[in-house]
Amino acid sequence: MLICENCGATNSNSASFCSKCGSEKLRIPNEKETAWDNLKGSFSSSSINYAPRSGGLFKNAGPKLKVLAIIIFVISLIIGEIIGIAAIAAGADSYYGGGMFITIGVILVIISPLLAWLSAIVVYAFGELCENVNSIRYYAAQTKEK
């Protein structure tokens with residue numbers, strides 16, 4: 001095994017030029033590099049491909065999910081408050097004791113921000129998770145190339 005002095009790529013012992021960059025500067029690896037390659041070899045036998053995915057529907061899913069979390073929060077908050085206020089108004093206009101409508105309306109006005117926040121935080125956390133997984137995949141691919 002020969003190592004390119006220009007880019008650090010490993011090449012076969014019979015190589016005259018680097019297979020990655022084409023440089024003629026090839027050298028025999030030192031003891032540390034040989035030990036590192038042996039250690040890397042024990043991890044590279046995995047069948048998992050850690051290379052970052054380049055496109056498709058789920059490209060940059062993390063930031064998209066974070067924006068979706070904000071949209072979910074706003075829409076859920078508005079809808080919950082409108083339904084709560086409508087229930088209070090319906091109870092107040094009722095001639096037959098609209099206490100139940102008023103109670104439900106007050107509960108919705110109080111609880112809807114909490115429910116909106118909880119649903120948004122779950123989606124936001126999943127978006128954060130997606131970003132972290134992409135970062136791990138990227139750095140694992142960088143380490144695998146070296």
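**Figure 1. Confidence across the predicted model.** Confidence in the protein is lowest in helix H1 (residues 31-43), at a mean of 55, and highest in H2, at 90. The score is pLDDT, the predictor's confidence in each residue, from 0 to 100. Over the protein, pLDDT averages 78, and 76% of the residues score at least 70. Residues 42-48 stay under 50. For that stretch the model has one contact beyond four places in sequence; contact means heavy atoms within 4.5 Å. This is a predicted model: local features need pLDDT of at least 70, side-chain atom pairs count only at pLDDT 80 or more, and totals for chains, interfaces and linings use all residues. Residues are numbered from 1 along each chain as its sequence is written, and side-chain values use heavy atoms, with hydrogens and water left out.

**Figure 2. Overall layout of the protein.** Three helices and three strands make up the list of elements. Their order from the N terminus is β-β-β-α-α-α. Both kinds of element are DSSP runs, numbered from the N terminus: helices are H or I with at least four residues, strands are E with at least two. Of the 146 residues in the protein, 21% are buried. Buried means under 20% relative accessible area, exposed over 50%, and partly exposed in between (1.4 Å probe, protein chains only). The accessible surface comes to about 10700 Å². Carbon and sulfur atoms account for 67% of that surface. Areas come from the Shrake-Rupley method with a 1.4 Å probe; for residues, only the protein chains shown count as cover. Among contacts between residues at least 6 apart in sequence, 50% join residues at least 24 apart.

**Figure 3. The three-stranded sheet.** The sheet is open, with strand order E2-E1-E3 and antiparallel pairing. Strands E2 (10-11) and E3 (26-27) stand at the edges with a single partner strand each, so one side of each has no neighbour in the sheet. Two strands pair if DSSP finds at least two bridges between them. Strand E1 (residues 2-4) and E3 run antiparallel and are joined by two bridges. Ile 3 stands opposite Arg 27 in E3.

**Figure 4. Ser 23 in the loop between E2 and E3.** Ser 23 lies in this loop. Its relative accessibility is 13%, which makes Ser 23 buried. Leaving out residues up to four places away in sequence, Ser 23 touches Cys 4, Asn 6, Ser 16, Phe 17 and Cys 18. Ser 23 and Glu 5 are 18 residues apart in sequence, and their C-alpha atoms are 8.2 Å apart.

Figure 5. The structure holds two salt bridges. The term covers a side-chain nitrogen of Lys or Arg within 4 Å of a carboxyl oxygen of Asp or Glu. Glu 128 pairs with Lys 66 in a salt bridge, with the closest N and O atoms 2.6 Å apart. Glu 128 lies in helix H3 (residues 99-145) and Lys 66 in helix H2 (residues 61-93), so this pair ties together parts 62 residues apart in sequence. Lys 66 also meets Glu 131 in a salt bridge, at 2.8 Å from N to O. Glu 131 lies in helix H3 and Lys 66 in helix H2, so this second pair ties together parts 65 residues apart in sequence. Lys 66 is buried, at 15% relative accessibility. Glu 128 is partly exposed, at 30%. Glu 131 is partly exposed, at 24%.

**Figure 6. Glu 81, a buried residue with no salt bridge.** Glu 81 is found in helix H2. Where is the nearest side chain of opposite charge to Glu 81? That side chain is Lys 66, 26 Å away. For charge, Lys and Arg count as positive and Asp and Glu as negative; His and the chain ends are not counted. Not counting residues up to four places away in sequence, Glu 81 touches Leu 108, Val 109, Ser 112 and Pro 113.

**Figure 7. Ile 72 and its contacts.** Ile 72 is found in helix H2. At 26% relative accessibility, Ile 72 is partly exposed. Beyond neighbours within four places in sequence, Ile 72 is in contact with Ser 119, Ala 120 and Val 123. Ile 72 and Ser 119 are 47 residues apart in sequence, yet 7.5 Å apart in space, C-alpha to C-alpha.
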